[in-house]
Amino acid sequence: RIDPDRRFHGATPGDDARLITVWKNRVFLCGMEDVDLVHFSEDGNFYQFLDGNDFPVKPINQNAEGVTAFAARRDELGLLKTNVAWKLVGSSPDNWNQLQIAEQIGALSQDSVVIVRDVAFWLGRDGVYSWGPEGFVSITRERVNPWFTTDDTFNRAAFAASFAVYNPLLDTYDLF
């Protein structure tokens, strides 16, 4: 639970951490109340969240969802909202820097995020995106864009409930 002093109080029933990931030997999480604020643990102490170990993801109060997904790549942590994508780079809080990687494009579901060989894949409002060492790309725009931009193929209202897995046999990103 995150109290008014912004301390995270462990993993007990009633905690309001809604997103969580591990990156560079730290736990990162977002709570239910301050949806634009990311909290992080001490280096190597996954249970220790100190006052001041947090940062906002811009723009603040953009929408009710706030941060909707994390994409933990090797050297960059994706901080995704529904219509903007940021990355966190650096080796410690002293030199972390937030850089915008996409505007008007974001993630709708944490469960749609899959990392394969340091490339992140996720579902956005208008298709599936990849973000890797070569940059940020829509992988569905060329061939199947209408599937994601009309209700003819998918119920777009259900995108927030989507999930994905990596299929190692076919080397594919499988979205459900």
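**Basis**

The model is predicted, so local features need pLDDT of at least 70, side-chain atom pairs count only at pLDDT 80 or more, and totals for chains, interfaces and linings use all residues. Residues are numbered from 1 along each chain as its sequence is written, and side-chain values use heavy atoms, with hydrogens and water left out.

**Overall make-up**

The chain has 14 strands and 1 helix. Both kinds of element are DSSP runs numbered from the N terminus: helices are H or I with at least four residues, strands are E with at least two. Of the 176 residues, 45% count as buried. Buried means under 20% relative accessible area, exposed means over 50%, and partly exposed lies in between (1.4 Å probe, protein chains only). The accessible surface comes to about 9500 Å². Carbon and sulfur atoms hold 51% of that surface. The areas come from the Shrake-Rupley method with a 1.4 Å probe; for residues, only the protein chains shown count as cover. Among contacts with a separation of 6 or more, 40% join residues 24 or more positions apart. A contact means heavy atoms within 4.5 Å.

Two strands pair if DSSP finds at least two bridges between them.

Strand β1 (residues 17-23) pairs with β2 (residues 26-31) over 6 bridges, in the antiparallel sense. Ala 17 stands opposite Gly 31 in β2. The hairpin of β1 and β2 has 2 residues between the strands. Lys 24 in this hairpin takes a positive phi near 50 degrees.

**Salt bridges**

The whole structure contains 7 salt bridges. Each is a side-chain nitrogen of Lys or Arg within 4 Å of a carboxyl oxygen of Asp or Glu.

| Pair | N to O distance |
|---|---|
| Lys 81 and Asp 36 | 2.6 Å |
| Asp 126 and Arg 141 | 3.1 Å |
| Arg 74 and Asp 118 | 3.3 Å |

Take Lys 81 and Asp 36, which form a salt bridge. Lys 81 sits in the loop between β6 (76-80) and β7 (84-89), and Asp 36 in the loop between β2 and β3 (37-40), so the pair ties together parts 45 residues apart in sequence. Lys 81 counts as buried because its relative accessibility is 0%. Asp 36 is also buried, at 4%.

Arg 74 forms a salt bridge with Asp 118. Arg 74 lies in the loop between β5 (69-72) and β6, while Asp 118 lies in the loop between β9 (114-116) and β10 (119-124), 44 residues apart. Arg 74 is exposed at 57% relative accessibility, whereas Asp 118 is buried at 12%. Both residues belong to a network of salt bridges that links Arg 73, Arg 74, Glu 76, Lys 87 and Asp 118.

Asp 126 and Arg 141 also meet in a salt bridge. Asp 126 is in the loop between β10 and β11 (127-132) and Arg 141 is in helix α1 (residues 141-149), so the pair ties together parts 15 residues apart in sequence. Asp 126 is partly exposed at 23% relative accessibility. Arg 141 is partly exposed at 39%.
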